[in-house]
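Hi everyone, thanks for coming. Let's look at a structure together, and please have the picture open while I talk.

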Amino acid sequence: MSDFFQLLVAGLATGAIYALIAIGFTLLWQTSQTINFAQGEFVMLPAFFVLTAMGYFQQPFWVAVLAAFAVSIVLLGVLFKKLMVDPMIRHGVLPLVIATIALALLMKEGVREFYSAEAQGFPSLAAATNVSILGVAFAVQSLVVLIVTAVAVGVLQLFLNKTRTGRRMQATAQNPTVARLLGIPVERMILYTFLINAALVALASVLVTPIYLAKFSNGEWLGMYAFIAAIVGGFNQVRGALVGGLLLGVVDNFAAAYLSAQYRLAMPLLILIVVILFRPQGLLGRLEERTV
Amino acid sequence: MMRRRAAIYGVAAAACAIFLVAAPFALKPYGIFILTTWAVMTIAAIGLNLTLGYAGQVSMAQAAFVGIGAYTTALLTTHGWPFWPTFALAGVACFAVGWVLGYPALRVQHHYLAFVTLAFNTLVFLIFRNEEWLTGGNYGISNIPRPSVFGWEADRPRDFYFFCLAHLAVISFATWWLIRSPWGRAFVALRENPMRALSLGVDTRRYTLMAFAIGAGLGGLAGSLYAPLVQFVDPVPFALALSLNLLLMVVVGGSGYFFGPFLGAIVAVLLPEWMRFAEGYYLIGYAVLVIVLMVFCPSGLFGLAERLLFPPDKNAPAAQPKAQGEGA
């Protein structure tokens, strides 16, 4: 039974990270119909910003993390929107999908060429020890990840639901035309979602990299898990991404422990296919109308 | 205008054909190997261009079909089968699997479909890697024989190159015929506006499945040629990376243009070899090229060439009378 709880908490912790990435992904989709195939690489990259700030500029960890957040928000938020999404979105979804696939390749190869092809160690937010709660030993790292994610998602929900800007962003997501008529600066609201996405991926990067090390190819599977979490939970719901991410993390961990380590990756994929076939709007999602 | 365009394309196609026939006599075996790889990948890209460029269905599973085709031929020819039956079987098997995979396409669109096919590609990769009793797992299958045709052994690089080139030619003509048939037009209707196509009486259900299945089938045929080309098959080449690469080939060349995949495959297969000195920087440059191309010309290199060679009439009024004079 104690094994079960350990697996559950570890699964929830990785799932929480997937959820962070997936939430950013769904926010972009909701406000600007951007499908970011480079989302995984967006998570891979900030870790290297941190490492560069620590190694090259000799800054302490916390300064490096803050710098990485700032660089991410400028590079992965503002510039990504201005240079790639804005000129391309009028051509429809497909060119942007292709361009983000190319962007993923660019980031991956860029890190490999200019930083390193080897996996790099990354400082952890918490000591790699266990605490015992009610007789079950839990990894401190997992608990820290869970707490940080819970706070981040809580703050995001408060912001989206309780502040004026947050509600304007929701209005923009639901119906940009009406939002514009109501005098909401739609363009700026869309920009905010890109900034939030950049902050979320930077946070996910700082949380996930101590567990899996910093490597240029990390984006491949991180991105895939985030997509699957977003679709399983419901592409148009923040709650959906949260549930999808947690579910995926738990299933992944249990499948690896109890079913087959070789086919570990297959479980999320099977869930994805089943959900798409039987409930394409996702577990918590709303149906989207098709228009002519 | 149309005749001028046809003339330019005709001359270009003839020049390319002559180059393709003459080139292997001037190349070393490795150069011929690369050119053969180009021919094989072009076949896979032609299939994806049907699915994506003509029918508008995003598929990220083309590498899985190339893989299924390659394993089919690898397994059967190492057990003594002649090449062509395995070639046909690879095509038919992928057609069938593609048909089944097309079913999700009926329920969901764009990005969802992209992820279903992406998931499928990864599942197939896992099966290649883990089912060692069948596929040899990570060790793969080696000593795949080159085909022999009526006693003529296509064993040497140049012979095998012509063998693949002949298949490419036949497949190109078949696809050309298909695109100009009512089926091809139905595919385009599906891409442009599925709802309107449906309301005009196009059986969108059947044509979506068809587009998927034929694209997959061509992927299988490409894989079937790939196995005797490299003579060793393991799971790595058929991972998601190849699917994305094929997708980029189609889009960079110009999706929805018949010759788009040929050009895209040149950029993705031949250029990296000529740019060896650039090493990893080549991929960075390639990625930047794709992004810039998507920003300025989403219809790919072919769209760009069309735009430069045949500017729209209102932008170039001087060009029109000349073109008419030529046409008359």
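A quick definition to begin: the expected span of a helix is 1.5 Å times one less than its number of residues. Helices here are DSSP runs of H or I with at least four residues, strands are runs of E with at least two, and both are numbered from the N terminus. This is a predicted model, where local features need pLDDT of at least 70, side-chain atom pairs count only at pLDDT 80 or more, and totals for chains, interfaces and linings use all residues. Residues are numbered from 1 along each chain as its sequence is written, while chains are lettered from A and ligands numbered from 1 in the order in which they are written.

Now try the rule on helix H2 (residues 39-55) of chain A: its 17 residues should span 24 Å, and the end C-alpha atoms are 25 Å apart, which agrees. Is H2(A) enclosed or open? Of its 17 residues, 14 are buried (20 or more other C-beta atoms, placed from the backbone, within 10 Å of their own), so H2(A) is largely enclosed by the rest of the structure.

Stepping back, chain A has 11 helices and 2 strands, and buried residues make up 50% of its 292 residues.

Finally, where the chains meet, 32 residues of chain B and 33 residues of chain A take part; contact means C-beta atoms, placed from the backbone, within 7 Å. Which helix gives the most to the side of chain B that touches chain A? That is H5(B), with 11 residues.

Terms used. Contact = placed C-beta atoms within 7 Å. Buried ≥ 20, exposed ≤ 12 C-beta atoms within 10 Å, placed from the backbone.
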